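Work through the following exercises with the sequence and the model open beside you, and try each task before reading its solution.

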Amino acid sequence: MEHMNDFKTLAESVRKKKGRMDASARKKGADLIAAILIDQEEDFKEMLVVAEDLQSEAVADGIGMAWSTMSPERRIEVRRWIPAPHTERAQRRVALLAATLAETDSATALELLDGLIPDRPPNKDLKRLIVASLFSDGRTIPFDNMAKATVRSRLTSRVFGALASLAFETTSGIEHMPRYLLSLGIVNFVAIQKLGQSSEGRDLLSKVAAEAARWPQGLREKFEGWLRNEQPELMPQFFSPTPNLAPPRLSEITDQSQPGAMKVDGGHEVAQSRVDQYLDERERALTAEIAALSQFRMSLAERQNELLRQIDAWKDRESELAKRVSELSSSRTALEDQLSRAMEQVKQLEQALESALREKKVEHEKLTQQITANAHGRVSEFKNQVALTLSRHLVDLPSKETSVSPELGRVLLLQFHQLVDVLTELGIRLPNVRSGR
Amino acid sequence: MTGFFGIDFGTTNSTAMKLMAGEFHKYGDEAGQPLPSVVALDRATGEASCGRDVWRNREEYRTAGAVYVIESIKLQMGSDLRWPTEVGVWTPEDVAAVVLKQLSARAKQLGLEGIDEAVISIPVDYPAESRRSLRQAAVKAGIQIKTFITESTAALVRHFGGLQHCRYVAVFDWGGGTLDISVLEIRDGRVFELSTEGMDIAGDAIDKDFALAIHARVMEERREKLPFLSMPSVDQDNLRTKCELAKWQFSKVPATDILLSAYGGSPLSISVQRDWFESLISPHVDLAIELLTRAIQKAGVSFDAINRLLVIGGSSQLRLLHDKLRNDQRFAAAFQSSSDAEWDCAAGAAIIARAPGSHETAESIGILLSDNSFYELIREGEVVHSDARSVSLSLVEDSQHANLILAKRVNGQRRITSPESIVEFGVETAGFDLECIDLRYSIDPDLVLKVDASSRALGVRQVAREYGKLRFAYHVPAQ
């Protein structure tokens, strides 16, 4: 989040300066973009939105710096973000990105250039833009890498053809060395793709040959030396007694097939020979193309099979997931039933508990009453027992008015002592009564 | 929490015990003593009361004549005795119900729970009509009798935990009114009553004799010759009361004074030695021990075979009795005195109320056939149930009258006796050979054998008879 915040701050600053960025700002912008793209935790999509405010150079540099490190998924997202080259700003961004990615991902660079370069001849502004992006400021585009890129050869051929047309124009203003490097790339491409005998290969080589013819002597010799060492089989295409062995364009042949045109090459036999040669070459090229198309078809079939397998796998997965969903649904229903039963049980238990507590309370109250009644009753029993015992001893108690004779007095005294003994036996102690009566 | 009630409906005193949560609760009179089974019935109002006050004033009541003083109602149950009052005639059931109600009221007063149902202990040979009458009295008192249990078996059940290993036990129950001795055999958890003996000389008689002896001494000192019964009834009562107090004092002290502020118009003061007292009651004690000896001999077992002599009842606490039994070689080893002698029967009945056992016939019951053979109807050892069963008999000769003779005999392990006739009765018949006579028989909850018979040809003219002196064994449940 720290990079993103810095990036937003930078974008805000650029907005305030109406899009102007100095070298350090561009460097900082590129670094932040690269950091955000590489960091999986960062929200790069938001960065791509904010990046619209920055100069295309900074954006291209940042993407180029991160390209080889970022995840394939992010590369796809960035590719989707790259705008279609319908405006000048978009064309500039694509061109700069292609130039940047040429070093690390030639295939992507070629695809970007293929999209950038129109089928018809580019206008002056686009030409200037492409030249400025790919060939100026001492930029050295690794055309050699492009030549080896694993993309469709027709695409590479188209891009190299268009670049050659642009760069090899005498008015392009491009220095010899970039044009020399482009030429090497083209020759390598033709050699690698074995297009030396094809019309497009010949077309490309003819452009290089025409360009080489305009080079200074030293550069031409350097090219010849390189060619001899690196691609000797193509030497005859450039340095032979008959320097221009490039196959004639079909239109030329057609033109030559016309009766009036046969005079140009000096005879029917020669023309026939060239037609045969052309047809032979065309046959070989078509054969190769059919083989390539066949291979491509096989590849497509394999891809189709692969996709069908994937579809089957996904269907299996879908079926499995549906089954799982069904199981989970059943399980959920069962759990809901179980929960419902458990809740019912809880309710019943709560009711039982409540009932038990009520019963306990009632039982407790009853027991308390019983204990109280029993305690009172037993105390009463004890009192009654004492009373009964005393009353049995005092059944003959004289009335208060009775005159007490000595004999009766003695009886009463003895009875009194018997009472004291009885009380003691009953557990009622009389502490102040002295012994030794 | 509900308890289990047992009632000892005694001749002199009655007690109730509740067994609840392993504890016994006593219910007697308001002083916690056994309730005197004496009822005072007002001749004018028909109001009845019972208990200690009635017992204490019984002679005064009798002299005044305004109330009936009814003692020993237990012995009158099932009789034709009646007590007319101005508001109605009282039956023995009404009188007994007063005692039972008093016990129930006491239980309610002390534990908030009256007696709804109970097991009642009765003497061994308590007649069938008395049992039935007692059941009716209990119903009047709001008590449902679960079952009857003999007093000796109830006492044994009370101490059964310590008697399970015993084979022969003698229960010596000496209460206020009677002495009841039973020799019991414990076999396979069943209690068989082998023999019984009894007499009416008990605590009350001892008190009376004691009072008479004191009266004699007083007369001697005063040089007078007035008979005891000529003394004022109050003086008689007072002297008996003082003598009873002195009797219990002798279990603790060797001498005591009998004191009355007035006896025959003069103060009475006599010092009495325990030796003198014991010499006075010794004949009663000797007689009681003689009865014990006789009961054991009657049971057909030797003295050595008696494993335990269980001494219970209020009067059994006499020191002289203990001394004599302990010093008698025949009984010394088996002697066991209960510390709660007056409550044991009720306690045993309460235990049975909690875990009821079952009565089993101790004799085989059958019918004597024309060839004098014994046709068994009820086996010995059969669990008693009240469902009626029947058997069909036939005439062996042309006669308008059939004689039926039911008999019992013992088929036990120890001996097989000859059939003894218990019920004889005649049934009218149509008078043809092989005519069918239906005999139905059952034993009701009051342990009475009921039989009836009729000629199938004549239909409804049934003849019914009862016999209430069957002997039963009681199956004591494991405790």
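Two residues are in contact if their C-beta atoms, placed from the backbone, lie within 7 Å. The model is a predicted one, in which local features need pLDDT of at least 70 and side-chain atom pairs count only at pLDDT 80 or more, while totals for chains, interfaces and linings use all residues. Residues are numbered from 1 along each chain as its sequence is written, and chains are lettered from A and ligands numbered from 1 in the order in which they are written.

**Exercise 1.** Describe how H3(B) packs on H4(B).

Begin with the elements, where helices (H or I, at least four residues) and strands (E, at least two) are DSSP runs numbered from the N terminus. Helix H3 of chain B covers residues 92-111 and helix H4 of chain B covers residues 128-140, and their axes lie 8 Å apart at an angle of about 55 degrees. H3(B) is therefore oblique to H4(B), since angles under 35 degrees count as roughly parallel, over 145 as roughly antiparallel, 65 to 115 as roughly perpendicular and the rest as oblique. Next, list the residues that meet: among them are Pro92(B), Ala96(B) and Leu100(B) on H3(B), and Leu134(B), Ala137(B) and Lys140(B) on H4(B). Finally, sort the residues of this contact, which divide into 7 nonpolar, 2 polar and 3 charged; here Ala, Val, Leu, Ile, Met, Phe, Trp, Tyr, Cys and Pro count as nonpolar, Asp, Glu, Lys and Arg as charged, and the others, Gly among them, as polar.

**Exercise 2.** Decide whether Leu406(B) is buried or exposed, and find its contacts.

Locate Leu406(B) in strand S23 of chain B, residues 401-409. Leu406(B) has 22 C-beta neighbours inside 10 Å and therefore counts as buried, the cut-offs being 20 or more other C-beta atoms within 10 Å for buried, 12 or fewer for exposed, and partly exposed in between. Neighbours within four places in sequence aside, Leu406(B) is in contact with Ile365(B), Ile367(B), Ile422(B), Val423(B) and Val451(B). The C-alpha atom of Leu406(B) is also separated by 6.3 Å from that of Glu424(B), 18 residues away along the chain.

Definitions and conventions
Axes are lines fitted to C-alpha atoms, for helices over the stretch in contact, and angles run from 0 to 180 degrees between N-to-C directions.
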